[in-house]
Each structure stands twice: as C-alpha cells, then as structure tokens.
Amino acid sequence: MGDYRHARDIPDIDFLAAVEEAIRRRPNIPATRWDVERVLGGLESDPTFTVVGDVPGVPSKVVLAKARRLIRRGLLDGCECGCRGDFLVTARGVELLRPSAEIVI
Ligand SMILES: [Zn+2]
C-alpha cells in the first residue's frame, strides 16, 4: 500500500482500479474521494463516512491532484475541488485498465 507524496507516485491504473473498487463496495453512488483514499491505503470502507484526517500514506491533496490529472486526460469523471468527488472511470479509463477487453458493439 502506498506511501504517496506526489500525484505521480500513484500509477494511473492503481487510481482507476481504486475508483472501481470503491464503487464495488458501495454500488449505489459514484466513488467518493474518501472511499478511494481508503482503497488506496488498504483500508476497509467506512460505512458511516466519518472522515478523520488523511489515510496513512494517502494524503487527500495528493489524491485530489491525481484525480485532477486523470480528469484532464479524459480517463476519469468527477470533481477534484475537495467535495465528495463522485468519481467514475470513463470509457477511455476502462480501456486503459483492461486493454484486452473485447468491445462488443
Ligand atoms: Zn467538487
């Protein structure tokens, strides 16, 4: 599990996979930044959404900076202002995660 100091320390694929995992854990909403941070830090999701500081090794500001870059590159949807985030992996992001996935039209 990461000791992330800069956005570049989080591989694109790890971040996108963390978004998918957060959605798998809480399927009725897009991924919140808090859940993404907990997945990246190797923690279970917090059912109460009680947020107390940063996940160890996963500073919020680094996660938000990484999200900003992925959104700019069209790999992620959502908001990196510091709100809930509501992250979703875009079709381009899915392509990066699973390049061999067959596209059925
Ligand atoms: Zn926002």
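**A loop residue, then the helices**

Guide: Let's start with Asp86, which sits in the loop between strand 1 and strand 2. Helices (H or I, at least four residues) and strands (E, at least two) are DSSP runs, numbered from the N terminus. This is a predicted model, where local features need pLDDT of at least 70, side-chain atom pairs count only at pLDDT 80 or more, and totals for chains, interfaces and linings use all residues. Residues are numbered from 1 along each chain as its sequence is written, and side-chain values use heavy atoms, with hydrogens and water left out.

Visitor: What's the phi of Asp86?

Guide: Asp86 has a positive phi of about 50°, although it is not a glycine. Most residues other than glycine have a negative phi.

Visitor: And how accessible is Asp86?

Guide: Asp86 is partly exposed, at 30% relative accessibility. Buried means under 20% relative accessible area, exposed over 50%, and partly exposed in between (1.4 Å probe, protein chains only).

Visitor: OK, switching to helix 1. How many residues does helix 1 have?

Guide: Helix 1 has 14 residues, 12–25, and reaches 20 Å from its first C-alpha to its last, close to the 20 Å expected at 1.5 Å a residue. That expected span is 1.5 Å times one less than the number of residues.

Visitor: Which residues of helix 1 are buried?

Guide: Phe15, Leu16, Ala18, Val19 and Ala22 are. They lie on the same side of helix 1, because they cover an arc of only 155° around the axis. The arc is that of the directions from the helix axis to the C-beta atoms.

Visitor: What do the buried residues of helix 1 pack against?

Guide: They pack against helix 2 (33–40), helix 3 (60–72), strand 1 (76–77), strand 2 (88–89) and helix 4 (91–97). Contact here means heavy atoms within 4.5 Å.

Visitor: At what angle do helix 1 and helix 3 cross?

Guide: Roughly 100°, and their axes come within 11 Å. Axes are lines fitted to C-alpha atoms, for helices over the stretch in contact, and angles run from 0 to 180 degrees between N-to-C directions. Helix 1 and helix 3 are therefore roughly perpendicular to each other. Angles under 35 degrees count as roughly parallel, over 145 as roughly antiparallel, 65 to 115 as roughly perpendicular and the rest as oblique.

Visitor: Which residues make that contact?

Guide: Asp12, Phe15 and Leu16 of helix 1, with Val63, Lys66, Ala67 and Leu70 of helix 3.

Visitor: How do helix 2 and helix 3 pack?

Guide: Their angle is about 105°, with the axes 11 Å apart, so helix 2 is roughly perpendicular to helix 3. Arg33, Glu37 and Leu40 of helix 2 meet Ser60, Val63 and Leu64 of helix 3.

Visitor: Is Glu37 buried or exposed?

Guide: Glu37 counts as buried, at 2% relative accessibility. Not counting residues up to four places away in sequence, Glu37 touches Val55, Val58, Ser60 and Val63.

Visitor: Last one: where is Ser45?

Guide: Ser45 is in the loop between helix 2 and helix 3, and counts as buried at 19% relative accessibility. Leaving aside neighbours within four places in sequence, Ser45 is in contact with Arg25, Arg26, Asp35 and Arg38. The C-alpha atoms of Ser45 and Asp35 are separated by 5.8 Å, and the two residues are ten apart along the chain.
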